[in-house]
Amino acid sequence: MICTTIQHKDYDAILDALQDPYVEMAEIRLDRCSLTDEQTEELFAESDKPLVATCRASDLVPSFGQEAWKEALRRLETAITAGASYADLEVEAPVEVSKSFRKICHDNGCCIIRSWHDFEGTPSEDYLLQVMQRCYRYGADIAKIVSTCKSAEDARRIEGLYSHCDTESHPAPASRLVAFGMGDAGADTRLNCLRLGAPFSYAALSSEEAAAPGQWAVADMHKALYGGRTGFFRNSLQMPSSKSFAQRAIIAAALAEGTSHLRGYTPCDDSESAIAVAKALGAKLVRRGRTLTITGTACAPLTLDSLHVGESGLLARLMIPLVAALGQGRCTVTGEKTLLRRPMKGAASIMASYGVVLRGDTLPLEVEGKLIPGNAEVSGKGGSQLISGLMMALSLCDKPSRLYVTEPKSIPYMFITVDVLKKFGVHIASEMEGDAEMIENQDWSQCSGISFHIKGNTRLKAADLDLEGDWSAAAPFLVAGAVFGYAEISGLDLHSLQADLTIIDALVEAGASVSTLEEEGIICVRKAPLEAFEFDLNNAPDLFPSVAVLAAFCPGVSRIAGVGRLAGKESNRAEAIREMLSRMGVEVTVEADVMCIKGQSLSSRILNGKLLEGGLFTSSHDHRMVMALSIAALGASSPVEIDDTACLSKSYPDFLETFLH
């Protein structure tokens, strides 16, 4: 990435400079800009571009004398507490200033840059290595080492620091070092440092505004780095309704007493299958624009011999318990396309706990017997969907039940079911089990068991509700914005129970710039220097393809847990991801439940000729893989063709039109 130095400007001029499309991130020279404390606070609080706060004490000496370091720290603190992404302090700072600076940065989650400059020349390699170690020893997340180059040999020496990175004597990776030369002889090092792995380099707004000799104008560096690549820039996107909410709400409304109104509905194959099931149950449905009006059956007994659920695994697993609760004792659940190959893991043993026999491991699947309320312990390793169906069905039985789930996965989706049922008048109590860390951090990945207490003998009542926007659909856009430009999406619930809301956490872990306006439900993700990350997607497996592509552009080895949740999707998703990235030239390994992906920054890939390899790829008839391939195509050296994109109709028929335009 390119960090543009902004100096000698007032507040309004800085705001104008930040609107320059070439400015990806910016260094604000607090020692050289005319800013009040209030303006500094507003600038760093409001900017959605990554900002570096820099204040050189040497520039303050004429005005502050011996108090220059104290004043520099004060100005830096104002920016850091307001929200600076990075703060830069010279490694020569007095000990007390250095300690205070580090504490302020740590308390506010600000990345520390410790910088060193030599305006006279370039010292020996050993001396430069000592300086680098000193920067890290004094708390640097990123060491910035800049010398004056008077010859090509000086330039090679400053660039040579990168060859020592990630070694036993200097374990910090190249992505934590910004090293380049000043002067005409060092000009090329400002771009080469990106090739060698630097997270960003520095440029000036124009050649007349260079902060040091040899600094490029940002437009020139942008052209040299990106050439004709246009990036990914999307404003004011609207996502389709969440099919996780829509399918549950449609079935609940179909079984309810009275007429419900579901607002904000957008069609996709899975949700349309839920509508077809609702009609098969006997519900009456009318569409007006994006509103579904559903008159339910008041849980009338079912007389169906078979029930078709389309290609929706959720719908199949919701309806298996419901036909056992409301049917006459025998019904065959049928499906189509990839669903016919997807095993119903653990379904037979779970249903047997409540007196129901399932015949078959895949659809078509015969459901025999009436659902018997009571207490049972079931495994959650296979996911949340059948458990969601059980909660719906057991609430209709004539006696209370307790459903204890061991080793729960996709926990948020269970609570979506609880939330939807609550809107239709059915209340289910729950207790989560886990260690103290889980309780303190509300970290569902640490949950070891959940008890659901279901009253029984309740009837669903009609409800009017707005269907949430889909975080699963938003994820590919947000990842594309984080790597290639920016993406702004409106109309999402930032406090949603949807598991895929965790895409925000994954992006933050990777170093992306994420900002939100909760009142408007707006989230904006911008390109920022990325880094390898570790993340657990056991509760959000649909994110795995997009997050895997994100990892390919994060320097270092990223580790993503949740591989075991991928085999039973529309494709063997773990194998599909591995094959896709491997063919594109990305190193991928799988260690038990963790996928390890060795990534490089976009800048490094471009400058080293290591962009992803294009060609003809299979989607494996999996809508999430089409989305992942579409993101990857933005960082490919040649076009990426996909053999089947029609499968997008399962969740987001308009995805390609929205993503590509």
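**Notes on selected helices and strands**

1. Strand β26 (residues 556-561) runs antiparallel to strand β28 (residues 594-599), and the two pair over 6 bridges. Strands here are DSSP runs of E with at least two residues, helices are runs of H or I with at least four residues, and both are numbered from the N terminus. Two strands count as paired if DSSP finds at least two bridges between them. Within this pair, Arg559 sits opposite Cys596 of β28.

2. Before going on, a word on the source: this is a predicted model, in which local features need pLDDT of at least 70 and side-chain atom pairs count only at pLDDT 80 or more, while totals for chains, interfaces and linings use all residues. Residues are numbered from 1 along each chain as its sequence is written, and side-chain values use heavy atoms, with hydrogens and water left out.

3. Which sheet do β26 and β28 belong to? They are part of an open sheet of 4 strands in the order β25-β26-β28-β27, with mixed pairing. Its edges are β25 (534-536) and β27 (587-591), each pairing on one side only. On average, neighbouring strands of the sheet are turned by 20 degrees against each other, direction ignored (axes are lines fitted to C-alpha atoms, and angles run from 0 to 180 degrees between N-to-C directions).

4. Helix α19 (residues 544-552) is mostly covered, with 9 of its 9 residues buried. Buried means under 20% relative accessible area, exposed means over 50%, and partly exposed lies in between (1.4 Å probe, protein chains only). Among the buried residues of α19 are Phe544, Pro545 and Leu550.

5. Helix α1 (residues 11-18) has Tyr11, Ile14, Ala17 and Leu18 buried. Seen down the axis of α1, these fall within an arc of 120 degrees, so they line one face of the helix; the arc is that of the directions from the helix axis to the C-beta atoms. The face turned away from the buried side carries exposed Asp12 and Asp16. The buried residues of α1 pack against β1 (2-6), β2 (25-29), α2 (37-46) and β3 (51-54), where contact means heavy atoms within 4.5 Å.
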